[in-house]
Amino acid sequence: MAIISLLDVSLSFGGAPLLDRVNLQIDRGERVCLVGRNGAGKSTLMKVITGELEPDKGQVFRQQGAVFATLRQEVPVGMTGTVQTVVEGEGGSYDQHNDWERHDRVERLLEKMGLPATHEFAALSAGQKRRVLLARGLVEDPQLLLLDEPTNHLDLESIQWMEEFLLEWGGALLFVTHDRAFLRKLSTRIIEIDRGQLVGWACDYDTFLVRKEAVIEAEEVERAQFDKKLAQEEVWIRRGVKAQRSRANNRIHALEKMRSERAARRDRAGKATLTAQEADRSGFKVIACEDAGFRYGDRWIVRDLTTRIERGDKIGIVGPNGAGKTTLLRLLLGELAPQVGKIEQGTRLEIVYFDQLRAQLDETMRVQDAVADGNPTVTINGRNRHVISYLEDFLFEPERARTPIKALSGGERNRLLLARLFTKPANVLVLDEPTNDLDAETLELLEDLLVEFGGTVLLVSHDRAFLNEVCTSLLVFEGDGKVSDYIGGYDDWQRERAAKAAAIAAVEERAKRTAKEAAATGPEKKVRKLSNKERAELEAFPKKIEELEAEQTALTAKLADPQFFKKPAVEVTRATARLHEIEALLAAAYARWAELE
């Protein structure tokens, strides 16, 4: 039996229906991802399912006795108490009701989720708070768990933990997310909400994108043919009816039906149009760091950082929440001075900053005034445009452009900040968590813009797909202030890290085996001398590694050049494959070198 079923459900708030005679069924064990544009009605549908909203028409059937739990986007304001009391929630008075089974469930969840029972909830990090709220929902032993943007403001470690936990949990899920890697890993089915309708896609996300594009193209062809036919009939009726009465009446009725159908049509929401204004080119050196360090008290935020950022680089900055990513940005941009070492900025830098905390937005201002500083026009690439027209590129209708910022959703605020950002010419874009709350289509447009941008990009993000698409290299926080440089995006970093770990593990295993053999044969066994062949191999390693690293540097520079991606795809594929091969060869070479030494 289905956990939840919706039958011909409709709901509107005065305008076009958000839900228009929709049908939906979710069964046990399913993990359903709900996708759609910002404002399409995803949160509304979830509230109908949980009973927070009653539909205008239709029926909602819930399995008898089924428990539903919801993890909201935002942490509730003013929530206090210890972790244990928050997880127990309002139904936690098991001492009074003798609900010892529930008490055991709370303790098991706290242990399984690694939560400190006696710590104060208010003192936890954002990621820990999300874990506590997830435990609060799971302690009710729900049959259906609803998650609304569960990865927002979580670092990579917390996101990966949540993925693995939910896969192991095995209950039914309905979730909304902009994180495409999270979607790919968890979803067993995709439901799209589009113009009040629900469309089911029993496939993975990448197949969904291909099939959806085919459906859009077919719809455009069908509508074009319909509009052409309607225009022809309108010309016919204006010329006057000359055919036989019965035949003419049939044609008139058909025309009236076509007019009604055209009037009821809901057009697909347009795509945002993102265009960055590029300032004059910066110098080739953008930022150079040499043994740079910075600390707060006794805690090193950044230690011994040596790196060089050049024009056109797309640098991702990755690390746990609280590691110091924003501090590193301020160091790189010269807003903070390193306490040891040096950081130098290049020449002719025009920097534009996208702020994670949205501090650049005045809540009391109207949307249009925030973009144009109260002026009626903005200058884009040397041409004046009316601010209302410009905001339409970012999917703000004229009426919405005149509303105060405090009325905007999270996704709208992000689009507004991007609109404001791109009114300023820049050759260095600094983006601190730009992907939160953006729908997938806008995310992909932003990716394309950043890849094509001729200047330099510094990007803080926990979105793995975004890092893969945009970044040419990563700066990764690895604990105790160490920030390491990795070539490529998120997947490249993971491969290189895995290769290094495997190489180190292999060396350690050989060392253990050698020690064990030595202990078994007694203390008199002498250390084996290297053969002439092994000695020659050892002496050749420095040159071999130097050659591999030189080729690695050359390939990295080539792949960092946007012009290279205009060449045939086979060349790009070959270069990328060779770069990964070199990374593996280097790891193996270092391991063998250590073994011979």
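**Charge and salt bridges**

In this predicted model, the protein chain carries 86 positive and 97 negative side chains, and the centres of the two sets lie 4 Å apart. The chain is built from 19 helices and 20 strands, its C-alpha trace spans about 115 × 70 × 50 Å along the principal axes, and buried residues account for 46% of its 597 residues. Of the contacts between residues at least 6 apart in sequence, 68% join residues at least 24 apart.

The structure holds 36 salt bridges, and one of them pairs the side chains of Arg464 and Glu163, with N and O 2.5 Å apart. Because Arg464 belongs to helix α16 (residues 464–470) and Glu163 to helix α6 (residues 156–169), this pair ties together parts that are 301 residues apart in sequence. Both Arg464 and Glu163 are buried.

A second pair to examine is Arg259 with Glu234, whose side chains meet in a salt bridge at 2.8 Å, N to O. Arg259 lies in helix α9 (residues 245–264) and Glu234 in helix α8 (residues 205–239), so the parts tied together here are 25 residues apart in sequence. Arg259 is partly exposed, with a relative accessible area of 38%, whereas Glu234, at 18%, is buried.

Lys500 counts as partly exposed at 41% relative accessibility, while Glu496 counts as buried at 13%. Elsewhere, salt bridges that share partners join Arg37, Glu192, Lys212 and Glu441 into one network.

Technical notes:
Residues are numbered from 1 along each chain as its sequence is written. This is a predicted model: local features need pLDDT of at least 70, side-chain atom pairs count only at pLDDT 80 or more; totals for chains, interfaces and linings use all residues. Side-chain values use heavy atoms; hydrogens and water are left out. Helices (H or I, at least four residues) and strands (E, at least two) are DSSP runs, numbered from the N terminus. Buried means under 20% relative accessible area, exposed over 50%, partly exposed in between (1.4 Å probe, protein chains only). Contact means heavy atoms within 4.5 Å. Lys and Arg count as positive and Asp and Glu as negative; His and the chain ends are not counted. The place of a charge is taken as NZ of Lys, CZ of Arg, CG of Asp or CD of Glu. A salt bridge is a side-chain nitrogen of Lys or Arg within 4 Å of a carboxyl oxygen of Asp or Glu.
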